[in-house]
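Please read it alongside the sequence and the coordinates.

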Amino acid sequence: MTPNSSMLILVIDDEDYIRLLIKKELSNNYRTVLAASSAKEGLSLFNKKTFDVVLLDIRLPDGDGIELLDNLRASQPDCEVIIITGHGDIESAVSAMKKGAYDYITKPFSLERLELVVDKAFQRVCLQRENRLLKQFQVSNKQPILIGKSESIKQIKYLIQKVAPTDAPVLITGESGTGKDIVARLIHTQSLRKDKHLIIKNCATLQKELIRSELFGYIKGAYTGAMQSQDGLIVLAQGGTLFLDEIGELPLDSQSALLRLLENKTYRRVGEKQERYADVRFLFATNKDLSEEVKAGRFNEALYHRINVIKIYIPPLRERIEDIPLLVEYFLSQFSTHNPSFILSEDIMQHLLNYHWPGNIRELRNVIERAVILAENGKITEHCLPTEMAEKGKINLKVNSLISNLLPLQTIEKQYILHVLESVSGNRSKAAEVLGISRKTLYRKLKEYLL
Ligand SMILES: Nc1ncnc2c1ncn2[C@@H]1O[C@H](COP(=O)(O)OP(=O)(O)OP(=O)(O)O)[C@@H](O)[C@H]1O
Ligand SMILES: [Mg+2]
């Protein structure tokens with residue numbers, strides 16, 4: 001049962017005494033009981049609100065309880081119905097169960113039994129709702145591994161271990177493919193919340209008009225099309241962790257609602273006045289520079305300070321090339337169907353070390369997966385690398401050898417200009433931009449070197 005859930009119960013029974021008794025016995029802080037004395041009144045109440053549990057007398061003066069049960073189940077399948085039967089009417093109770101009733105109680109019933117059946121029915125309602133929601137959102141139980149021996153990876157591992165057991169929000173930054181997801185998963189699995197869900201939501205995929213309802217949920221009738229109340233991601237993450245990826249994509253108007261949630265730990269479902277408590281740990285990730293976004297007026301400054309208490313920055317792979325051999329080994333073992341494992345020649349490793357990896361570890365992983373497929377007799381050769389990479393590697397090697405041969409500056413400049421031109425497929429404006437010179441200077445140099 002979700003801890004912040006309150007239960008709405010409907011009793012449909014023509015006996016005043018039964019309605020009063022149930023109302024008196026069940027009503028408390030988290031159970032609200034409404035009552036109806038006929039099928040008609042019951043149905044009309046049922047259609048106005050979202051009930052969790054209905055206690056239904058099978059013999060009503062104005063209609064057949066079984067028929068009513070069909071109606072209730074069809075209109076709100078998440079709601080559980082408990083049948084109230086008279087003594088000796090077990091047969092109708094059994095046929096009601098066949099039609100989808102959750103259980104039945106026989107009059108006169110003990111109050112303990114009543115409470116037990118109602119609470120159990122509610123537990124099932126919560127579970128069904130949670131399962132339905134979980135199907136819609138990404139939930140992960142994968143065990144993350146962060147490979148690397150560079151100083152920055154060591155520092156990140158240390159920070160994760162320090163920050164994981166706290167409830168502090170963490171902002172994870174770094175280029176695409178650097179491992180932000182893994183860091184978020186590690187924080188969750190090393191936290192005290194590890195037995196609860198880690199809910200991952202990419203803010204870029206939130207529908208602008210529906211962000212608040214996706215995050216906080218909504219009540220029936222909150223807007224056109226809201227036929228049933230629905231919990232938001234906050235409820236799913238209750239007790240656990242909510243990882244909001246690409247937080248820089250969250251529109252400004254939703255940012256203030258998020259700030260309120262972070263500060264007060266309370267939220268409201270759309271269309272509802274009642275405040276609810278959120279016991280959720282927040283993680284954020286972005287590949288944008290949020291301080292720049294704040295300056296540009298696209299990101300709420302207060303929210304930025306609130307989420308930027310602990311920042312974990314993951315440097316791009318090209319700045320920690322000492323991690324490449326370990327990562328290669330790891331991915332080879334992951335993709336290997338071959339035993340003994342694949343062999344990688346020294347010059348292939350050199351190619352991998354020289355490459356600039358714009359897609360970071362994700363790209364490296366894909367390159368290794370591809371190489372394993374193309375390998376012949378367990379050997380990974382140049383043909384197994386994407387052509388572009390093999391070529392760039394070669395040129396880089398050429399540039400490296402030029403430098404180690406201690407050549408005149410002019411020769412190196414000429415070779416380097418050629419290398420940049422090749423890398424940008426001959427586009428001279430782009431080449432000039434990469435080289436940090438004007439197009440005019442580039443043309444002059446090309447002429448000078450007879451290129
Ligand atoms: N240090 C690492 N050790 C092992 N695998 C890694 C490491 N870093 C990244 N990976 C793997 O690389 C891929 C990309 O990583 P991840 O999804 O965490 O990147 P990201 O920073 O979240 O990227 P994006 O900004 O595109 O969401 C994943 O398959 C992940 O498992
Ligand atoms: Mg990611």
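Helices, of at least four residues, and strands, of at least two, are DSSP runs numbered from the N terminus. In that numbering, Trp357 falls in the loop between helix 14 (346-354) and helix 15. The model is predicted. Ligand 1 sits in the largest pocket, and the structure holds 0 disulfides.

**Ligand 1**

- The shell around ligand 1 is made up of 18 residues, of which Ile147, Ser176, Gly177, Lys180 and Arg362 are the closest.
- A polar backbone atom of Gly177 is 2.8 Å from an oxygen atom of ligand 1.
- In the side chain of Lys180, an N or O atom is 2.7 Å from an oxygen atom of ligand 1.
- For Ile182, a backbone N or O atom is 3.4 Å from an oxygen atom of the ligand.
- Ligand 1 exposes 630 Å² when taken alone, and the protein buries 84% of that area.
- Helix 7 (180-189), helix 13 (324-335) and helix 15 (360-374) are the elements that each give two or more residues to the shell around ligand 1.

**Cysteines**

- Cys79 is buried, because its relative accessible area is 2% and the cut-off for buried is under 20%.
- Cys384 is also buried, with a relative accessible area of 3%.

**The loop between strand 7 and helix 5**

- Pro108 is placed in the loop between strand 7 and helix 5.
- The peptide bond that joins Lys107 and Pro108 is cis, with omega at about -10 degrees.
- Most peptide bonds are trans.
- Phe109 belongs to the loop that runs between strand 7 (103-106) and helix 5 (111-136).
- Is Phe109 buried or exposed? Phe109 counts as buried, as its relative accessibility is 13%.
- From C-alpha to C-alpha, Phe109 and Thr85 are 9.7 Å apart in space, while 24 residues separate them in sequence.

**Residues with positive phi**

- Most residues other than glycine have a negative phi.
- Glu246 has a positive phi, near 50 degrees, and is not a glycine.
- The loop that holds Glu246 runs between strand 13 (241-245) and helix 10 (252-264).
- Glu246 counts as partly exposed, since its relative accessibility is 28% and partly exposed covers the range between the buried limit of 20% and the exposed limit of 50%.
- Trp357, likewise not a glycine, has a positive phi of about 45 degrees.
- The relative accessible area of Trp357 is 0%, so Trp357 is buried.

- Glu272 is found in the loop between strand 14 (266-267) and strand 15 (276-277).
- With a relative accessibility of 17%, Glu272 counts as buried.
- The side chains of Glu272 and Arg276 are joined by a polar contact of 3.0 Å.

Methods: Residues are numbered from 1 along each chain as its sequence is written. Chains are lettered from A and ligands numbered from 1 in the order in which they are written. This is a predicted model: local features need pLDDT of at least 70, side-chain atom pairs count only at pLDDT 80 or more; totals for chains, interfaces and linings use all residues. Side-chain values use heavy atoms; hydrogens and water are left out. A disulfide is a pair of cysteine sulfur atoms within 2.5 Å. Buried means under 20% relative accessible area, exposed over 50%, partly exposed in between (1.4 Å probe, protein chains only). A residue is near a molecule or strand if one of its heavy atoms lies within 4 Å of it. A polar contact is a pair of N or O atoms within 3.5 Å; within protein, one must be able to donate a hydrogen and the other to accept it, and residues adjacent in sequence count only if both atoms are side-chain atoms. Accessible areas come from the Shrake-Rupley method with a 1.4 Å probe; for residues, only the protein chains shown count as cover. On a 1 Å grid over the protein atoms alone, a cavity is a set of points where a 1.4 Å probe fits but cannot get out, and a pocket is an open set with protein on both sides within 12 Å along at least five of seven lines; lining residues have an atom within 4 Å of a point. A molecule sits in a cavity or pocket if more than half of its atoms lie within 2 Å of its grid points.
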